[in-house]
Amino acid sequence: MRLPSKVTMLSERQRRLWGNGLQAAALLLAALPALWPFLQLGLTQSADGMLHVLRIALLTAHQQEGVLYPRWVPDLVLGYGYPLLAFYGPATYYLASTFVWLGADATGALLLTFTALLLLAGVGAYLLVYDWLEGMEGWRRRAAATVSAVAYLYAPYLLLNVYARGAVAEAGAQMLLPWIMWCLRRIVRSENPTPAALGFALSAALLAVMHNISLLFMPPMIVLYGLAVIVQARDLPWPLLSRVGVVVLAGVAALGASAFFWAPLLLERTFLAPTAFAIAARYVGENTWTWSNFLDISLPFEYSTAIPFQLGAVQLALAVIGFAVAPRRTAEWWMLAAVAFFAALMISAWALPLWLSSEVLLIAQFPWRLLAVMSLPLAIFPAGIVARIRPRWAALVSAAALIGVIIGAQRPVATAFGPLLNQPTAVGRPAVAQFEFQTHAYGTSSSSEFMPRWAGVDLFGDAKQDTTVASGPALHLDIATPVEMRLVVTTSLPVDLRIANFYFPGWSATIDEQAAALRPDPERGMQTLTVPAGAHAIVIRNVGNRLHQATTWVSLATLAVLAVGVWVSGARRRWLAIVPALCLGVGLYAALQPVPQPRAWFSTQVAVGGGTMELLGVRYQVEEGQFLHLFPYWFIRSPADGRIHWRLVDPAGRPVASTSGDAFFNTVRLASLPAQTLFDDAHQLALPPGLAAGSYTLEVGVAAPGETPTFAAAGVLQLPNVPPAEPPSMQPLHLRFGSSIRLDGWSARVDGRAGAEATPLLILRPGQTLEYTFYWRAEGAVEENYHGFVHLLDHAQRAVRQHDKTAGSLLAPSRLWNAFYPQPDGYRFVIDAEMPGGLYYPIAGLYRFEDGQRLPITGADGQSLGTEFALPTVKVLSIPKTTPEQRIDVRIGDWGSLRGFTLTPKSATVRPGDVITLTLYYQANASASVDYTRFIHVHSPTLGMATQQDAPPLDGGNPTSSWVAGEQIVETVVLPIPLDAQPGEYTIWFGMYDPGNGARAPLHDASGQPLQDNQFKLSVITIE
């Protein structure tokens, strides 16, 4: 027997690597159209995209402060806190935070996360189908698997989750599903099941931590698929029962590894308000399928947020054909078909009574979520078309054709979306607070489905007044962080101390090192602690409860067992034990880390607001190198109606920076805080560019709106150097809006190219994008979040297109603006084909959203400028949608020509009272030196003028001085025939003249010969 040589083995390995490389390149190339909107726009607008950006930013902030897994997010609900990551799968956020640590911002990190999920979904589908088609010829097998990979990557529901819904966790679950099924299949069918068992355990555990709603539907599908794999694996040379045992053990390991998340989720769900169930029951009916709404027949597929979400016509057709023509339909094949069919039935209106009668199903909220499990079978079945074709060349050609059809029919079109943010925006705690404040999406959730059940209804209304302003306990705060407070309370009588955080499992308290019971305040659900008379050391912290700790150790123990098991039984693949070992190391670090300490802190005791409140301490940190974040801790003795003022003073006693506003990043009124409440506050203070490092005194005061505060020294801060600021490239304006907002200038971009503001006349064509950016500053306290507008007015001062939105953005509204750093504010217009050609006159300004009242504008000289300001004129070049019935070539001077016209009615005979419609088609060669007036005269030498219409082209909407070489202008002229018109024959004449002196523009025919009287005969009509 001749053994293969080393050279032969090397060449085989090289061929395998070469084939895998080509396959990877092909998949990446095929994925580019799916990623095109991201490549063109960045992260796109979607239903939930902004929510995920905010959550990623908060998670990253807590990780930087030493809290790796914050089940409780204290920054949400405007500082009351929210158990977001205890009930919403955090896995995709950790993937995104990895990108943040590598240098991306929160928005870019979410984009990269979606990109990674899409690509991994395609790879997972490829591996599953490639393994499924074992025994098939190599390249045909690869081609069929590639078709399924592309079909899954372009599955409409997957792309809807990416672009329309922004459902990153559900997209992550869809990505994991083929990987889990592939690992399950390899456990049964591979010679060494250990690597596949490890992959199955970890990927299934990751599914539980990725998207808990998917646990309602995907595990049953996975179990059924496992049974189908086992049924058709009876011919394998190893004991089948042992492989079943491996599958069961891997499943148990998956449950154990993810127990830290799913066990508390199930056992503590009773602590949540029933809001989500009520909303789901109310709207479930409109989220079901009927025969008229289950299929989208548009090409390409229309990606929008319209419900219910649909199947694609090409998606369904290829799946049905592939299933029908597949050369071999195994138990796996039939199982997937049954799953797809059952999922379709459950989405249909026929299943509505079942949804309404089951609280378990209502957790899923929407029946169309079953598309997540339905999409994979529909992507697998088209592989059957390629598998049916025998000749290798024909199989490859058919695979390429199918891929082209799938991409052409299901690709996302960039023009259907807009960018999530029109300009770079810092996403941090102030942005989160302002987003919640404006949208009322508390907890960064549209329905606040994880709100504690004892949370009050009116959290931010006026608190009850308390006449005992100066009485009550004395507090000394030693140190405070978002998860721990250490303080000493001295009181002559027992007192109920409120803490302005929601009560929830995981929080605990001790009094003099003895456990003390926290309870929810009956009005708002705040933590309440009864402190006995005397002086007592109190610690309040959130480090998890016994359930959290026990399930964490179950998960860590499971990972340890997995690492040891893989090392012992992995043979040549024992190096894979490093994967669970790394997970174990990270988990141990998170579980054993001490309670993090603040970066900078000082205790103090400063009474302000006439004794209604007392400052106990301040935690502070510098963010982005230019913003000082202050986290003061107040003891509210009585509700106060006032604003908090901060001032930073240098060693010479000179104020260098100041800010004022409501509490918690200018969102929470002091009047809403009850008496006897320990309130953890937050403020942002902009530091002046170039501020030198050193010690600065922080001063604080509280005063009613419109009154001057009395400042008191709060403490001394150590600050680093503040880098100088680069001014933005802009056209300066220096306008003041109202009493406290200044507009420094503006800039414009066309198709992303900067510098358009320097162009006196912006010329735009259909499909181009025009973006205006304004640069705002606040010169004092801004008391509300204003809306900004840019309107494109036509010649009649009608707004043809407009963009109104929160000035700045939802994340950087006017309440957060400052005096040192201009806030960019973007307004975007896509010039669509429906927009008439001509001149447009942009105007802009600010207004109050509640009543639409615009802010008055004053110039640098103090002169009033009204309530809007004008930007340079814009010229739009339209594309004619019709062609002339009569083609001619009449040259108008050296700057244009009349290329044709259409006359309606076509009959040469009209009657008094009739209306003639004349459509003129011009072509510009250049701009004219003057604005000519076009005339149409219906004239008879003997009878005189029957009717006429003299006006600039498009009634002044496209004057000849603005014409652009190559521009095509279509103008419709309406000529009513007067009731007293004399019967007879009339000629319709066309020409143009200078309205200043009446001189007609020279007209020439196609041969260059001048026309008599510089007018052209369009037609002859008879008036009866």
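Trp-18, Leu-22, Trp-139 and Leu-396 make up a nonpolar patch on the surface, and together they have about 420 Å² of accessible area. A patch here takes residues with over 30% relative accessible area and no salt bridge, joining like charges within 9 Å and nonpolar side chains (Val, Leu, Ile, Met, Phe, Trp, Tyr) within 5 Å. Accessible areas come from the Shrake-Rupley method with a 1.4 Å probe, and for residues only the protein chains shown count as cover.

Keep in mind that this is a predicted model: local features need pLDDT of at least 70, side-chain atom pairs count only at pLDDT 80 or more, and totals for chains, interfaces and linings use all residues. Residues are numbered from 1 along each chain as its sequence is written, and side-chain values use heavy atoms, with hydrogens and water left out.

**Helix α6**

- Trp-139, from the surface patch, is found in helix α6. (Helices are DSSP runs of H or I with at least four residues, strands are runs of E with at least two, and both are numbered from the N terminus.)
- With a relative accessible area of 36%, Trp-139 is partly exposed. (Buried means under 20% relative accessible area, exposed means over 50%, and partly exposed is in between, using a 1.4 Å probe and protein chains only.)
- Thr-146 also has its place in helix α6, which covers residues 138-153, but Thr-146 is buried, at 9% relative accessible area.
- Leaving aside neighbours within four places in sequence, Thr-146 is in contact with Gln-23, Leu-27, Tyr-126 and Ile-403. (Contact means heavy atoms within 4.5 Å.)

**Salt bridges**

- Side chains of opposite charge can pair when their charged atoms come close.
- The count comes to 34 salt bridges. (The rule asks for a side-chain nitrogen of Lys or Arg within 4 Å of a carboxyl oxygen of Asp or Glu.)
- Asp-131 forms one of them with Arg-185, and their closest N and O atoms are 2.8 Å apart. Asp-131 sits in helix α5 (residues 106-132) and Arg-185 in helix α8 (residues 168-189), so this pair ties together parts that are 54 residues apart in sequence.
- Arg-185 also meets Glu-134 in a salt bridge, at 3.6 Å from N to O. Glu-134 lies in the loop between α5 and α6, so this pair links parts that are 51 residues apart in sequence.
- Asp-131, Glu-134, Arg-185, Arg-186, Arg-189 and Glu-332 are linked in a network of salt bridges.

**The open sheet**

- Four strands form an open sheet with antiparallel pairing, in the order β15-β14-β18-β19. (Two strands pair if DSSP finds at least two bridges between them.)
- β15 (655-661) and β19 (712-719) stand at the edges with a single partner strand each, so one side of each has no neighbour in the sheet.
- From one strand to the next, the twist averages 20°. (Axes are lines fitted to C-alpha atoms, for helices over the stretch in contact, and angles run from 0 to 180 degrees between N-to-C directions.)
- Seven bridges join β14 (residues 643-649) to β18 (residues 694-703) in the antiparallel sense, and His-645 stands opposite Gly-701 in β18.
- A salt bridge also connects Glu-699 and Arg-647, at 2.7 Å from N to O. Glu-699 lies in β18 and Arg-647 in β14, so the pair ties together parts that are 52 residues apart in sequence.
- Glu-699 is buried at 16% relative accessible area, while Arg-647 is partly exposed at 25%.

- β11 (residues 601-608) runs antiparallel to β12, with six bridges between them, and Ser-603 has Gly-617 as its bridge partner in β12.
- Four residues separate β11 and β12 in their hairpin, where Gly-609 in the turn has a positive phi of about 65°.
- β12 pairs with β13 (residues 627-636) over 10 antiparallel bridges, including the one between Glu-614 and Phe-635.
- The hairpin of β12 and β13 has three residues between the strands, and Glu-624 takes a positive phi near 60°.

**His-683**

- His-683 has its place in strand β17 (residues 683-686) and counts as buried at 4% relative accessibility.
- Its contacts beyond four places in sequence include Leu-628, His-629, Ile-644 and Trp-646.
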